Amino acid sequence: MPNRCLYTATIKKFLDEKPLAVLGSLHNNYHGDALTTTDEAWKGEIDILQQVLAPWKEENAQIIFEYEIPRLGKRIDVVLLLRGIIFCLEFKVGQRDALQTDIEQVMDYALDLKNFHRFSHDKVIVPMLIPTNRVSTTTEFQPSVYDDQIYNPLISGAEHLQELITSVLIHAKATTAEVIDNWIISPYTPTPTIIEAARALYENHSVEDITRHEADKVSTDRTINYILQVIEQSKAHNKKSICFVTGVPGAGKTLVGLDVAIKQTYKNGELDKENGAVYLSGNGPLVAVLTEALARDNQKKCVSKGERKNLSDSRREVSEFIQIIHRYRDNMLAKIKNPVENGIVEIDPDKAIHLEHTGYGEVEHVAIFDEAQRSWTHKRIADYLKRGGTYGNKLKVPNFPMSEAEFLIWSLDQREDWAVIVCLVGGGQEINTGEAGITEWIKALNSMFKHWDVYISDKLTDAEYAEGRVNELLQNNNRVTFAEDLHLAVSLRSFRAETLSAFVHSTLAFRSDAAGLYKDVASRNYPIVLTRDMDTARAWLRKQARGTQQTGILVTKVAARFKPLAVHILAQDEDNAVHWFLEDKTDNPSSNYLEDAATEIQVQGLELDYACVLWDADMRYEDGVWGFYKFNGKNKWNPENNKETQKYMLNAYRVLLTRARQGIIICIPNGNSRLTPEGFPEDPTRLPEFYDGTYNYLKSLGIKEI
């Protein structure tokens with residue numbers, strides 16, 4: 001089979017072959033049975049191109065059918081390498097109209113090649129949409145305004161395609177027969193969004209298959225293999241084990257967790273409930289968005305293969321291994337004696353069925369807890385259960401004696417054979433009160449669960465985890481193994497700005513290297529710009545985004561004075577987050593409409609391509625320090641002096657400023673300087689001095705204003 005495609009040849013060889021021979025090659029190299037519609041499309045493309053490409057028969061040019069964009073499962077109908085130009089041809093055989101979604105599709109292919117395909121970085125790329133029955137053709141064209149050598153998408157029917165290719169060659173001054181050697185096997189280094197990556201994992205790719213990696217720097221697969229080894233050892237020896245995985249922001253901890261869950265739950269494509277795993281997260285919007293994205297994708301693929309599948313069935317299937325942590329916890333709580341007696345949590349045999357291997361535990365052997373440092377303190381979960389919860393849970397446990405971490409270990413410990421817990425641990429991103437950090441997990445292992453083997457990242461001893469007390473807390477535990485393979489050291493999130501998170505950290509901490517880090521980020525074609533006008537911010541976002549690239553407005557949950565800027569806060573319901581992230585540009589609930597703004601609660605763990613961070617008066621630069629304020633809901637901002645709350649408010653901006661993969665615009669409003677006829681401020685909640693200090697500070701770092 002040809003590398004990464006179904007057919008490739010010189011144009012001369014392609015033109016000399018009989019159409020049925022080319023079609024036979026496509027069939028032979030295609031996995032599975034080609035549908036009738038696919039077969040007809042291929043026949044149409046072959047017939048058209050054998051006529052269109054005749055003028056270039058003697059040139060050293062190459063044609064490639066069904067080129068797979070490595071690792072992400074996308075295929076370009078036809079790539080034409082002619083005179084040093086890369087033509088991406090997307091055919092719509094039998095179609096007359098050029099649909100917006102089709103134009104975005106071919107533009108996405110061009111952007112993927114430009115950004116991630118090494119031998120395309122410095123080449124002219126021409127995306128072409130070909131609705132074969134279309135009568136008209138593009139007559140005016142130009143390279144994009146982004147100076148990246150990508151033409152704006154061109155559109156032509158079959159009749160004028162040869163004429164259009166000729167015009168492009170003239171316009172691009174492509175007169176010499178430049179050859180692009182080894183283009184088809186070029187290194188490919190993508191950095192997909194978390195949603196794209198989850199979809200690819202679900203299609204049996206590995207994490208390293210779908211992420212950018214440079215030599216041995218990225219260790220996602222090494223980490224996954226280490227965890228899978230621990231799982232196999234625990235199963236073989238009937239042991240209980242726990243792994244703590246750390247990583248820099250954006251290093252792929254969530255992807256590691258999802259991959260372990262999928263690999264453990266699906267063996268050779270079949271659901272394996274006997275040895276399954278569950279990925280658990282307290283991040284409701286993340287779980288909702290990933291579940292819906294995977295379910296839609298799964299249903300679409302099944303239908304395309306001629307299988308009958310309802311979306312509700314796909315959602316149930318995905319929910320087998322991605323769940324909200326509160327539901328898992330509440331399921332175990334329903335099995336205990338209530339009220340708790342003598343401070344000891346015990347199973348009530350009248351409320352649970354004892355199974356041979358499972359005991360009173362859940363069906364999964366492996367539980368993966370994302371953002372494990374955000375598990376609740378004893379006080380928070382005890383208060384929550386005392387009042388019967390806030391998530392629709394009516395179960396009341398008036399005297400609950402455990403922290404959430406302790407209870408989750410206890411839940412897996414109910415199994416009578418083997419169990420593994422994987423804790424994915426982030427540092428410095430706590431955004432809610434009552435989050436216990438990693439200390440509670442370690443305390444539980446040292447006291448109640450001394451029989452558990454502990455595998456721990458050697459970086460968990462750093463100051464940002466458990467206040468730097470991990471060594472002290474574990475010094476008397478003789479079942480601990482430190483492993484560097486459990487640390488993810490390289491950020492995968494932004495393919496353009498390795499130093500973005502460092503810049504954000506230094507900016508928020510007023511470090512002297514912030515200006516230098518800004519220059520470094522900007523030098524990597526990752527724009528960070530400043531404005532004082534939301535209309536300017538919206539126009540900038542719309543100008544930046546091409547194809548299906550996603551934009552959105554972000555604000556902190558404490559932000560309050562956004563209505564005068566025609567911005568609304570996205571309601572907290574998880575369905576709203578699903579629509580905001582997953583609907584396309586034509587749907588009003590989409591983030592791309594730039595009307596509803598999401599908060600740090602809704603976007604933590606998820607990403608946009610380009611984002612506007614709308615900076616309100618809740619956090620202000622005041623004489624070299626941050627001032628923190630909360631709005632009273634009427635007419636006044638009150639100072640926030642609680643140190644813990646201040647930390648969460650600072651971390652909220654840290655989360656928002658690191659959500660964009662390709663660029664951000666920071667909008668700091670001018671405020672309202674107008675006075676009433678009586679001489680009083682027209683709007684005392686939006687005085688210019690609330691915003692000017694922050695604006696001047698960011699501008700002093702060299703951030704460009706537009």
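Me: Contact means heavy atoms within 4.5 Å. In this predicted model, take the contacts in the protein chain between residues at least 6 apart in sequence; what share joins residues at least 24 apart?

Reply: The protein chain has 23 helices and 26 strands. Count its contacts between residues at least 6 apart in sequence. The share that joins residues at least 24 apart is 75%.

Me: What percentage of the residues in the protein chain is buried?

Reply: Buried means under 20% relative accessible area. The protein chain has 706 residues. By that cut-off, the buried part of them is 57%.

Me: Which residue is the bridge partner of Val 79 in S4?

Reply: Strand S3 (residues 74-82) pairs with strand S4 (residues 85-92) in the antiparallel sense. The pairing runs over 5 bridges. In S4, the partner of Val 79 is Cys 88.

Me: Around the axis of H5, what arc do its buried residues cover?

Reply: In helix H5 (residues 161-171), Leu 161, Leu 164, Ile 165, Val 168 and Leu 169 are buried. The arc they cover puts them on the same side of H5. An α-helix has 3.6 residues a turn, so residues three or four places apart point the same way. The arc in H5 is only 140 degrees.

Me: Which residue just after H5 takes a positive phi?

Reply: Look just past the end of H5. A positive phi of about 55 degrees occurs there. The residue is Lys 173.

Me: Which lysines are exposed on the other side of H13?

Reply: In helix H13 (residues 378-387), Ile 381, Ala 382, Tyr 384 and Leu 385 are buried. They lie on the same side of H13, because their arc around the axis is only 160 degrees. What covers them includes helix H12 (325-333) and helix H14 (404-413). Exposed on the other side are Lys 379 and Lys 386.

Me: How many residues of strand S10 are buried?

Reply: S10 spans residues 277-281. Ala 277, Tyr 279 and Ser 281 point one way, Val 278 and Leu 280 the other way, and all are buried. The count for S10 is 5 of 5.

Me: Which residue of S12 stands opposite Leu 280?

Reply: S10 and strand S12 (residues 366-370) run parallel, joined by 5 bridges. Leu 280 has its opposite number in S12. That residue is Phe 369.

Me: Which residue of S11 stands opposite Tyr 279?

Reply: S10 also runs parallel to strand S11 (residues 322-324). These two are joined by 3 bridges. Opposite Tyr 279 stands Ile 322.

Me: How far apart in sequence are the parts tied together by Glu 58 and Lys 12?

Reply: The side chains of Glu 58 and Lys 12 meet in a salt bridge of 3.9 Å, N to O. Glu 58 lies in the loop between H3 (36-52) and S2 (62-69), and Lys 12 in helix H1 (residues 11-16), so the pair ties together separate parts of the sequence. Glu 58 is exposed at 63% relative accessible area, and Lys 12 partly exposed at 37%. The parts are apart by 46 residues.

Me: Are Asp 413 and Lys 240 buried or exposed?

Reply: Their side chains meet in a salt bridge of 3.4 Å, N to O. Asp 413 sits in helix H14 and Lys 240 in strand S7 (residues 240-247), 173 residues apart. Both residues are buried.

Definitions and conventions
Residues numbered from 1 in each chain as written. Predicted model: local features only at pLDDT ≥ 70, side-chain atom pairs only at ≥ 80, totals over all residues. Heavy atoms only, no water. Buried < 20%, exposed > 50% of the residue type's maximum accessible area, 1.4 Å probe, protein only. Helix = DSSP H or I, 4+ residues; strand = E, 2+ residues; numbered from the N terminus. Arc of directions from axis to C-beta. Salt bridge = Lys/Arg side-chain N within 4 Å of Asp/Glu carboxyl O. Pairing = 2+ DSSP bridges.
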